Amino acid sequence: MAQPRGVNSLQFNQDQICVFFQVVSAVPWRQALGSIMWSPLWRRDTLVSGIQTCDTDVYMRPCVCAVYTVCSCVSDHEQVGSVAQCSMLHRSNLLAVVGGGVNPKFSEISVLIWDDAREGRDPKDKLVLEFTFTKPVLAVRMRHDKIIIVLKNRIYVYSFPENPSKLFEFDTRDNPKGLCDLCPSLEKQLLVFPGYKCGSLQLVDLSNTKPGTSSAPFTINAHQSEIACLALNQPGSVAASASRKGTLIRLFDTTTRDKLVELRRGTDPATLYCINFSHDSSFLCASSDKGTVHIFALKDTKLNRRSALARVGKVGPVIGQYVDSQWSLASFTVPAECACICAFGKNTSKNVNSVIAICVDGTFHKYVFTPDGNCNREAFDVYLDICDDDDF
């Protein structure tokens, strides 16, 4: 008999080719940590244990694989237990794990670094580093030379993975969602998180900050209400954010701090789950609790839809703000009120792009869209099938 299952958390890796999920089962030893990898074509393979890294550029052959199954054997479960969060360093053997869920073996105040390539008879030999704090860890971000650990009112930056040492710490306003993003670019070490002032963003260039100091980040006044979602593009040149109201997404130049464009998700308040840029920053996607994933054009904003009132001419200042907003060029729906994250796939042709949505109900959705706004589903799957009982 199948046991009830669910997903505790979802997170993309740095290049958005891989997503990690924590599977929650009614049976404690069926807790599992998995990963999905994809590319323009779609097929599915399953790997019961161990980390498999796939070069999705070779022959454009994608795969979906359980990169690491924590509970593939009882000894692993006894050492690791269930987890609340997991982050992967690109597509390497290093995972950052935070305890949590229904049967945790480690505290929520600790970040454990798991090296799946490390040899050893005992699974705990794979736990190579531990960072411990006095309050729960809400988020972890990694890049090739640093690890960022987010608490409710403080952010820590450590050198990583060789000889980790604390480089910086930043006090923040209450940040219960652990909002933070880190630029993965080798050229720019930009960190963004909610500012002290309500609705503001703080940005820190970690390469220009002296280690051991708490230098003041520069601030962008982005919204009037609390920040609910934020993201950086791959080069770290643009920051995007949305407030708790969830109707507008604003983009800012991270060097000049100027507002670049304002995108309208809708008119009704909504909770945004995710904002992501395409790899070349030509497009942006966003998901919310309305069950819709919106796609906006950034490189050629004329592709975005405008209000019919924009053709009327001058209107009042309040209505004018609504009229001037840019609406998504395309959108698609996922199960309503089912939290999901979204990201762009690799282009299959010059005029066809793809967006992938991963939902906590265990479903995978892939849609392709064209610059004229046509959007069609290309693939659908249930990634929780990876963690079926027969696979353990």
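**Exercise 1. Find how strand β14 (residues 200-205) and β15 pair, and over how many bridges.**

Solution. Step one: the two strands run antiparallel and share four bridges. Strands here are DSSP E runs of at least two residues, numbered from the N terminus, and two of them pair if DSSP finds at least two bridges between them. Step two: pick out a facing pair, and you'll see Leu 201 opposite Ile 220 in β15.

A quick note on the model: it's predicted, so local features need pLDDT of at least 70 and side-chain atom pairs pLDDT 80 or more, while totals for chains, interfaces and linings use all residues. Residues count from 1 along each chain as its sequence is written, and side-chain values use heavy atoms, leaving out hydrogens and water.

**Exercise 2. Describe the largest nonpolar core and what Leu 10 touches.**

Solution. Step one: a nonpolar core joins buried Ala, Val, Leu, Ile, Met, Phe, Trp, Tyr and Cys residues through side-chain atoms within 4.5 Å; buried means under 20% relative accessible area with a 1.4 Å probe, protein chains only. Step two: the largest has 33 residues, and Leu 10 and Phe 332 are among those with the most contacts inside it. Step three: leaving aside residues up to four places away in sequence, Leu 10 touches residues including Phe 20, Ile 358 and Tyr 383 (contact means heavy atoms within 4.5 Å).

How values were computed. Buried means under 20% relative accessible area, exposed over 50%, partly exposed in between (1.4 Å probe, protein chains only).
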